Each structure stands twice: as C-alpha cells, then as structure tokens.
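Thanks for passing this one along. Please have the model open while you read, as these notes go through it point by point.

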Amino acid sequence: LRNLLEDRLRSLGNVSVNGDLQHRLPNTTNLCFHGVAATRLIQEMGDVAVSVRSACSSQTGTPSHVLKAIGLCDHCASSSIRFSLGRFTTEEEIDLAARRVTEVVQRLRTQPSQQQCLHR
C-alpha cells in the first residue's frame with residue numbers, strides 16, 4: 001500500500017521520495033512535494049492525517065534535521081511530508097488520501113506565494 005500511495009502521488013510530477021528506496025520501513029514514506037509548503041498542504045488536506053516530522057520532534061518550527069542530514073535543502077525539507085500507514089489501512093483509504101493530496105497540491109502549485117526549490 002505504501003508503494004501504491006507513492007506511485008499515485010509521484011504521478012503528480014515534481015514529487016520525490018526522500019531516503020533510501022530499498023532499506024526502509026514498509027509502512028512509512030516521506031515525500032517532497034516540490035514547490036509546495038508542507039505546512040500549508042497539511043492545513044488544507046482536512047481529514048488526511050500526516051506529519052512534517054517524526055512525533056518526537058514535531059514541536060519545532062525548523063526543517064527536519066534528518067531530512068537535512070540526507071542532503072535536502074531547507075526548501076525541500078520544508079516541502080516534505082511523512083505518511084505512515086497502519087495495520088488496518090485499506091486500499092480505499094489510500095485512494096482517498098491520494099485524491100485529496102493531489103487536489104490540494106495542484107491548487108497550491110498555481111498560487112504564486114509557494115516556495116521554490118531547484119533541487120530535485
């Protein structure tokens with residue numbers, strides 16, 4: 001299901017997976033939505049529960065130190081969202097989340113105030 005979610009969201013274009021594609025948790029992905037502020041995306045997604053960082057560091061306002069350590073610039077780190085799937089997550093929920101994220105990303109990318117990043 002994680003791969004299905006990634007495939008659907010990467011089809012938007014200018015979306016990249018952060019981290020190692022081979023050595024990672026099967027239920028978690030971290031995606032960079034280039035040109036979109038992650039905090040804004042989260043605010044506008046409504047009932048899709050995601051995070052910009054791990055739970056143990058979610059209170060700081062700075063870009064994730066882990067994303068910075070793997071080489072992301074501030075803009076890319078600030079455009080990244082972590083998706084965690086649960087044991088009972090269904091394909092229908094993946095479809096719903098992908099549709100909602102896609103809708104919001106497309107809308108936000110048309111707004112001139114979104115941050116830009118040249119790293120991809």
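1. **Ground rules.** This is a predicted model, in which local features need pLDDT of at least 70 and side-chain atom pairs count only at pLDDT 80 or more, while totals for chains, interfaces and linings use all residues. Residues are numbered from 1 along each chain as its sequence is written, and side-chain values use heavy atoms, with hydrogens and water left out.

2. **Overall fold.** The protein chain has 5 helices and 3 strands, arranged along the sequence as α-β-β-α-α-α-β-α. Here helices (H or I, at least four residues) and strands (E, at least two) are DSSP runs, numbered from the N terminus. Of the contacts (heavy atoms within 4.5 Å) with a separation of 6 or more, 71% are between residues 24 or more positions apart.

3. **Surface and burial.** Of the 120 residues in the protein chain, 41% are buried. Buried means under 20% relative accessible area, exposed over 50%, and partly exposed in between (1.4 Å probe, protein chains only). The chain exposes about 7,100 Å², and carbon and sulfur atoms supply 53% of that area. Accessible areas come from the Shrake-Rupley method with a 1.4 Å probe; for residues, only the protein chains shown count as cover.

4. **Helix α5.** Does the span of this helix agree or disagree with its number of residues? It agrees: the 19 residues of α5 (residues 91-109) should span 27 Å at 1.5 Å a residue, and the end C-alpha atoms are 27 Å apart. The expected span is 1.5 Å times one less than the number of residues. The buried residues of α5 are I94, A97, A98, V101, T102, V104, V105 and L108. Their cover includes α1 (2-10), β2 (28-33), α2 (38-45) and β3 (80-84).

5. **Helix α1.** Buried positions in α1 are R2, L5, E6 and L9. Seen down the axis, these residues fall within an arc of 100 degrees, so they line one face of the helix. The arc is that of the directions from the helix axis to the C-beta atoms. As a reminder, an α-helix has 3.6 residues a turn, so residues three or four places apart point the same way. The buried residues of α1 pack against β1 (15-17), β2, β3 and α5.

6. **E6, worth a look.** This glutamate sits in helix α1 and counts as buried, at 4% relative accessibility. Leaving aside residues up to four places away in sequence, E6 touches V17, R24, T29 and L31.

7. **Helix α2.** In α2, the buried residues are A38, L41, E44 and M45. They cover an arc of only 135 degrees around the axis, which puts them on the same side of α2. Exposed residues T39 and Q43 are on the face turned away from that buried side. Cover for the buried residues of α2 includes β2, β3 and α5. After α2 comes G46, with a positive phi near 70 degrees.

8. **The cores.** How many residues does the largest nonpolar core have? It has 23, and those with the most contacts inside it are L9, F33, L41 and F83. A nonpolar core is a set of buried Ala, Val, Leu, Ile, Met, Phe, Trp, Tyr and Cys residues joined through side-chain atoms within 4.5 Å. At least two residues of this core come from each of α1, β1, β2, α2, β3 and α5, with the largest share, 7 residues, from α5. L9 touches V15, L31, F33, F83, A98, V101 and T102, not counting residues up to four places away in sequence. A second, separate core of 6 residues includes C32, L72, C73 and A77.

9. **Cysteines.** A search of the whole structure finds 0 disulfides (pairs of cysteine sulfur atoms within 2.5 Å). For C32, the nearest cysteine sulfur is that of C76, 4.3 Å away. C32 is buried, with a relative accessible area of 1%, and C76 also counts as buried, at 3%.

10. **T89 in its loop.** T89 lies in the loop between β3 and α5 and counts as partly exposed, at 22% relative accessibility. T89 touches L1 and I94, not counting residues up to four places away in sequence. T89 and N27 are 62 residues apart in sequence and 9.7 Å apart in space, C-alpha to C-alpha.
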